[in-house]
Amino acid sequence: MIMPDNTVFVKVENPNMAPDRTKNQRLPMAQRLTTYEEVEKTYTEEEALREASRCMGCPSRWCSKECPAGMPVPEFIKAVRAGDYEAAYALISSASTLPEFCSRLCPQEKQCQSNCTRSIRTEAVGIGRLERFVVEKHYENAKPETAKPDGKRVAVVGSGPSGLSAAQRLADKGYAVTVIEAEEKPGGLLRYGIPNMKLEKGILDRKIDAMKSQGVAFQTGVTATAETVKDYDAVVLAVGTGNARSIPMAGAEGARGIYKAVDFLAARPDAAGKDVVIVGGGDTGNDCVGTAIRQGAASITQIEMLPEVTKVSFIVDPIPGKPAEKKFDSSQEEHLNKFLRDPHIYQATVKAVKTDETGNICAVTVVRLQAGYDDSRRLVMTEIPGSERTLPCGILVIAAGFLGPKAETAAAFGVDTTARSNIADTGYQTSAEKIFACGDCRTGQSLVVKAMVDGRDCADAVDAYLSK
Ligand SMILES: Cc1cc2nc3c(=O)[nH]c(=O)nc-3n(C[C@H](O)[C@H](O)[C@H](O)COP(=O)(O)OP(=O)(O)OC[C@H]3O[C@@H](n4cnc5c(N)ncnc54)[C@H](O)[C@@H]3O)c2cc1C
Ligand code: SF4
């Protein structure tokens, strides 16, 4: 165990000892149910200063250690408290190339905030909210940087968080970077997956504009291959995991009204008045719940294969005997408000679909599952015979995760893949000369902050390669 170095402890003067985190403004529930406007609002200056005073500046820096980016959390919060927001921004930028997204999208309760000393007895410091405040303050005052990079030429294929992060870091180092994106607009899952209520697309456009003025070129609507990038000095593949996992369902072939989660979120097919069934109880499934609510679905059922996870309290039970609080995702909160119930059916899956005379899906057969372990002590879920039931269903969404990148993408660049179908690498270098890989296509399905860190560190590997 790493022990804190208390020799450098500097006492925080007049700390705010309030047990609760300072609340930020949120979109009123009535608007949340009908519009795609971002739900969480940025702290005001007064709220930020109040919350910054809750940080005790622990020398142990447990929060930083639990941040995948290694953010200097106590240091940037100290700068906020001193009112020096640009110094706070410089500290944040030293660890993160994309703080505008991480501060909104990180599961902070499982990362930096899970390790905040104050969370042992009270609520953790609102680290993500403070980070977001600092970034927004920076953009209020920032003058666009104009640069004409003249370094070696690097192509970044894919413009999700890992591609943007690699491009930003390489541009900061003076390389002439071109980001090549197959979709009409850049952003990857930041644009075509994560819904607007979690990340306003204007925030993404603002980042891309800032990168353009720094000299990064964007080519969109181009599906790159080895031929497209052959004249560059180095290439970074940041192509994501475009291969959505499917589940076997009798009668599904040719049925209309079945969508992969990303297609449902991007295309928003009309779910008004329909019974929507979502397979997948994770964050992507939750985003589909929020989208179906805003579409005016008649009912929403979210089917999760695994048992319900209940919160385990450790170290000290803050209020002994108090039942563990259930933490609701924003979309779950909205569902509870609109339909007065949790949308989940746990330990279940859809095993068959039924269509009407026009070929549209009209019902699904749901079967209950029981948990057990195989010989290698791996969890296996098996059907409980006779537990089938039929649910009406006008739209079925499959949010069951992703496998690696599409096989044709790896083949188009002649790079090897792993047994899990991710792009194989050694220190970000793929099996092909001058081609590097980062993000979900290298690590498998992950998080925005992890993709950002991967892009950042891959750029350093490219820099080392080109500096030889
Ligand atoms: C619905 C949904 C919600 C999520 N919500 C969160 C969240 O709240 N918080 C969080 O931390 N994470 C979240 N994630 C996970 C997160 O979005 C991903 O981990 C992250 O986007 C991966 O980044 P990436 O850059 O590796 O890939 P992607 O974002 O997938 O980007 C890859 C890009 O490469 C492009 N591309 C592929 N092949 C080519 C080619 N040959 N030529 C040109 N371009 C190509 C694709 O079009 C795409 O734009 C969510 C994921 C989904 C699906
Ligand atoms: S990058 Fe994410 S995990 Fe790290 S400090 Fe910021 S919000 Fe927390």
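These legends describe close-up views of a predicted model.

**Figure 1**
The protein chain splits into domain 1 (6-141), domain 2 (153-243 + 403-466) and domain 3 (258-398). Domain 2 is written as two stretches of sequence, 153-243 and 403-466. The C-alpha centres of domain 2 and domain 3 are 31 Å apart. Their contact uses 6 residues from domain 2 and 7 residues from domain 3.

**Figure 1. Ligand 1 and its shell.**
Ligand 1 is surrounded by 33 residues. The closest are Ser162, Glu181, Lys198, Asp440 and Val448. What kinds of residues make up the shell around ligand 1? There are 17 nonpolar, 11 polar and 5 charged residues. Several elements each supply at least two of the shell residues. They are the helices and strands labelled α8 (161-172), β2 (176-181), α11 (261-267), α12 (283-295) and α16 (448-466). Where does ligand 1 lie relative to domain 2 and domain 3? Both domains give residues to its shell, so ligand 1 lies between them.

**Figure 2. Oxygen atoms of ligand 1 beside the protein.**
An N or O atom in the side chain of Glu181 is 2.7 Å from an oxygen atom of ligand 1. At Ser446, a backbone N or O atom lies 3.2 Å from an oxygen atom of the ligand. At Pro161, a polar backbone atom is 3.3 Å from an oxygen atom of ligand 1. On its own, ligand 1 has 1,000 Å² of accessible area, and the protein covers 91% of that.

**Figure 3. Asn422, a buried loop residue.**
Asn422 sits in the loop between α14 (407-413) and β14 (435-437). Is Asn422 buried or exposed? Its relative accessibility is 8%, so Asn422 counts as buried. Beyond residues up to four places away in sequence, Asn422 touches Gly404, Pro405, Asp416 and Thr417, among others. Its contacts also include a run of residues: Asp440, Cys441, Arg442, Thr443 and Gly444.

**Figure 4. Val236 in strand β4.**
Val236 belongs to strand β4 (residues 234-237). Its relative accessible area is 0%, so Val236 is buried. Setting aside residues up to four places away in sequence, Val236 touches Val154, Ala155, Val156 and Val157, among others. Further contacts include Ala166, Leu170, Phe436, Cys438, Cys458 and Val462. Pro107 is 129 residues from Val236 in sequence. In space, the two are 27 Å apart, C-alpha to C-alpha.

**Figure 5. Val277 in strand β6.**
Strand β6 (residues 275-279) contains Val277. Neighbours within four places in sequence are left out of the contacts shown. Among the contacts of Val277 are Thr301, Ile303, Val350 and Val364. Others include Pro392, Cys393, Ile395, Leu396 and Val397. Glu357 is 80 residues from Val277 along the chain, and their C-alpha atoms are separated by 20 Å.

**Figure 6. Two loop residues with positive phi.**
Arg61 has a phi near 50°. That is a positive value in a residue other than glycine. Arg61 lies in the loop between α2 (45-52) and α3 (62-65). At 28% relative accessibility, this arginine is partly exposed. For Gln347, phi is also near 50°, and again the residue is not glycine. The loop that holds Gln347 runs between β8 (344-345) and β9 (348-355). Gln347 has a relative accessible area of 24%, so Gln347 is partly exposed.

**Figure 7. Gln31 in helix α1.**
Gln31 is found in helix α1 (residues 29-32). Is Gln31 buried or partly exposed? Its relative accessible area is 34%, so Gln31 is partly exposed. Arg118 is 87 residues from Gln31 along the chain. The C-alpha atoms of Gln31 and Arg118 are separated by 33 Å.

How values were computed: Residues are numbered from 1 along each chain as its sequence is written. Chains are lettered from A and ligands numbered from 1 in the order in which they are written. This is a predicted model: local features need pLDDT of at least 70, side-chain atom pairs count only at pLDDT 80 or more; totals for chains, interfaces and linings use all residues. Side-chain values use heavy atoms; hydrogens and water are left out. A residue is near a molecule or strand if one of its heavy atoms lies within 4 Å of it. A polar contact is a pair of N or O atoms within 3.5 Å; within protein, one must be able to donate a hydrogen and the other to accept it, and residues adjacent in sequence count only if both atoms are side-chain atoms. Accessible areas come from the Shrake-Rupley method with a 1.4 Å probe; for residues, only the protein chains shown count as cover. Helices (H or I, at least four residues) and strands (E, at least two) are DSSP runs, numbered from the N terminus. Ala, Val, Leu, Ile, Met, Phe, Trp, Tyr, Cys and Pro count as nonpolar, Asp, Glu, Lys and Arg as charged, and the others, Gly among them, as polar. Domain bounds come from an automatic or database domain assignment. Buried means under 20% relative accessible area, exposed over 50%, partly exposed in between (1.4 Å probe, protein chains only). Contact means heavy atoms within 4.5 Å.
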